[in-house]
Amino acid sequence: MKLSAASDHAGVALKGRVIQDLRARGHEVTDLGSNSEEPVDYPDYAKAVAYAVLSGEAERAILICGSGAGACVAANKFKGIRAATCHDTFSARQCVEDDDVNVLCLGARVVGPELAVELVRTYVDARFSGAERHRRRLGKVANFEENFGEDGIK
């Protein structure tokens, strides 16, 4: 699978470990930074992975910050991105099977490296079910993107 990965300064080490495992498993992974522990802003990296997914450069992405929450909030601001912060394998699988999540967010200060690898493997191996109820629900979410603009409710 073609994947992109990015992190802020808090997630650099964890991102390296995740990318190493993904490449060892035969995935093509583009590292979109940061590559330093010097403080940076997670929204910049959320934007990078969102663009990679939306442009088709990546099928899915992994985004890491300290908690996973801030990066997830930022990524979900992009039309067409469905990001989820996961700290357990059930959520990492279910978010793809039911919600067709295309950006997995992890908290480097929340999950250790071995759990992170397990979460990423679960996420990458999962497939959207395509069940009618899930397509219907995703249609409603897409409708939110179309009908709520920067100035509020249309």
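## Helix pair and parallel sheet

Helix α4 passes α5 in a right-handed crossing. The model is predicted. The axes of α4 (residues 89-99) and α5 (residues 113-125) come within 8 Å and cross at roughly 20°. Angles under 35 degrees count as roughly parallel, so α4 and α5 are roughly parallel to each other.

Which residues of α4 meet α5? They are Thr89, Ala92, Arg93, Cys95 and Val96. Their partners in α5 are Glu118, Leu119, Thr122 and Tyr123. By class, the residues of this α4 and α5 contact divide into 5 nonpolar, 2 polar and 2 charged.

Now the sheet. Its 5 strands form an open sheet with parallel pairing, in the order β2-β1-β3-β5-β4. β2 and β4 are the edge strands, and each pairs on one side only. On average, neighbouring strands are turned by 20° against each other, direction ignored.

Strands β1 and β3 pair in the parallel sense over 5 bridges. Within this pairing, Ala5 stands opposite Ile62 in β3.

A helix also packs on the sheet: α2 (residues 42-55) touches β1, β3 and β5. The direction of α2 makes about 175° with that of β3.

| Strand | Residues |
|---|---|
| β1 | residues 2-7 |
| β2 | residues 28-31 |
| β3 | residues 60-65 |
| β4 | residues 83-85 |
| β5 | residues 103-107 |

Definitions and conventions
Residues numbered from 1 in each chain as written. Predicted model: local features only at pLDDT ≥ 70, side-chain atom pairs only at ≥ 80, totals over all residues. Heavy atoms only, no water. Axes fitted to C-alpha atoms, helices over the stretch in contact; angles between N-to-C directions. Helix = DSSP H or I, 4+ residues; strand = E, 2+ residues; numbered from the N terminus. Parallel < 35°, antiparallel > 145°, perpendicular 65-115°, else oblique. Left-handed = near helix turned anticlockwise from the far one by under 90°. Contact = heavy atoms within 4.5 Å. Nonpolar A, V, L, I, M, F, W, Y, C, P; charged D, E, K, R; others polar. Pairing = 2+ DSSP bridges.
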